[in-house]
Amino acid sequence: MVQAGRFDPTLPGPENRMRPTGGFDSLGVEALEQAARAPGQWAAIDEIGYLECGSPAYCQAILRLMGSKRLLAAVRKQDLPFLRQLCARPDVFCLDLDRPLGRAGCVVMASGLGRRFGGNKLLAPLGGRPLLSYVLASTDGLFARRVVVTRNPDTAALCRQQGIQTVLHSLPGRSDTIRLGLEAATAEGTLDGCLFCPGDQPLLRRETVAALALCGAAVPDKIWRTAWQGTPGAPVWFPAWSFGELAALSRDQGGGWVLRRHPEQVGLVEASSSAELADVDTREDLQRMQSGYME
């Protein structure tokens with residue numbers, strides 16, 4: 001056993017009242033070098049904080065380790081030069097464990113009239129449940145605010161029975177759903193970003209929704225969208241800086257207009273299968289989904 005730090009009552013409190021004793025310079029550096037030589041792609045450090053930053057040799061060993069391994073590390077929330085350098089690296093994904101999803105919103109877009117389907121497809125049965133219920137389940141409990149926007153009273157009633165905030169409207173444009181959803185989602189405070197999720201993708205997994213929100217919280221300057229093998233699809237997470245552009249869309253414009261304006265800002269989150277991105281436009285789509293994926 002090597003002592004890494006010693007309490008020093010002369011240091012100002014309440015934090016950082018330990019002084020490094022040299023353990024990181026010796027055993028710490030050696031341990032990181034052994035990890036770099038070990039087989040496998042990953043290494044883990046349970047904490048990098050004040051004491052670790054007191055050893056320049058240990059900090060350099062961390063950087064060398066990152067050059068040879070994928071590193072999973074817990075980093076303390078302290079304003080220290082090395083920690084700032086570490087978290088600012090372009091190859092680092094930072095997740096705030098106190099607020100892993102940040103303050104994100106979700107707008108479930110359910111305003112389609114179902115003309116190609118021949119009725120309200122979102123209430124059509126799939127696996128014994130309404131089609132919309134799958135998206136409601138995959139987006140549940142992940143967001144600070146969640147709103148369903150629809151033009152169908154029966155759809156609104158289903159959502160309200162589950163305690164989900166719902167905007168029922170009769171406006172004609174695609175942009176109306178986006179604008180009304182944003183207005184409702186931000187009515188009680190600002191958001192870091194907002195996921196726009198079609199209501200007709202029943203095979204979308206909760207894990208994929210959470211991954212989009214995590215990416216939005218960790219890299220909030222980017223637009224994040226689901227993809228399969230590099231081909232983008234929906235849903236899409238839009239950061240707060242794009243809200244003004246989304247709210248100003250003309251009648252027949254959708255979120256794709258904002259995506260095309262900022263292609264360099266778009267990141268992709270791979271789904272687990274192409275089925276997650278499949279939507280239902282016709283009754284044949286619903287039947288194929290029932291027979292191909294649900295059985």
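This is a predicted model: local features need pLDDT of at least 70, side-chain atom pairs count only at pLDDT 80 or more; totals for chains, interfaces and linings use all residues.
Gln 229 counts as exposed because its relative accessibility is 62%, and the cut-off for that class is over 50%. Gln 229 is found in the loop between strand E11 (223–228) and E12. Its backbone is worth a look too: phi is positive, about 50 degrees, although Gln 229 is not a glycine. Most residues other than glycine have a negative phi, and most peptide bonds are trans.

Going from Ala 234 to Pro 235, the peptide bond is cis, with omega near 5 degrees. Pro 235 has its place in strand E12.

E12 covers residues 231–239 and is joined to E10 by four bridges, the two strands running antiparallel. Cys 106 has Leu 195 in E10 as its bridge partner.

| Strand joined to E10 | Bridges | Direction |
|---|---|---|
| E12 (residues 231–239) | four bridges | antiparallel |

Now for a spot with more surface on show. Phe 93, Leu 95 and Leu 97 make a nonpolar surface patch of about 330 Å². Leu 95 sits in the loop between helix H4 (81–88) and strand E5 (104–110). Is Leu 95 exposed or only partly exposed? Leu 95 counts as partly exposed because its relative accessibility is 38%, and that class lies between the 20% and 50% limits.

Last, helix H1. H1 takes in residues 23–37, 15 residues in total, and reaches 21 Å from its first C-alpha to its last, close to the 21 Å expected at 1.5 Å a residue. Where does H1 bend? The bend is at Val 29, by about 25 degrees. Val 29 is also one of the buried residues of H1, along with Gly 23, Phe 24, Gly 28 and Leu 32. An α-helix has 3.6 residues a turn, so residues three or four places apart point the same way.

Definitions and conventions:
Residues are numbered from 1 along each chain as its sequence is written. Side-chain values use heavy atoms; hydrogens and water are left out. Patches are made of residues with over 30% relative accessible area and no salt bridge: like charges are joined within 9 Å, nonpolar side chains (Val, Leu, Ile, Met, Phe, Trp, Tyr) within 5 Å. Accessible areas come from the Shrake-Rupley method with a 1.4 Å probe; for residues, only the protein chains shown count as cover. A salt bridge is a side-chain nitrogen of Lys or Arg within 4 Å of a carboxyl oxygen of Asp or Glu. Buried means under 20% relative accessible area, exposed over 50%, partly exposed in between (1.4 Å probe, protein chains only). Two strands pair if DSSP finds at least two bridges between them. The expected span of a helix is 1.5 Å times one less than its number of residues. The bend at a residue is the angle between axes fitted to the seven residues ending there and the seven starting there.
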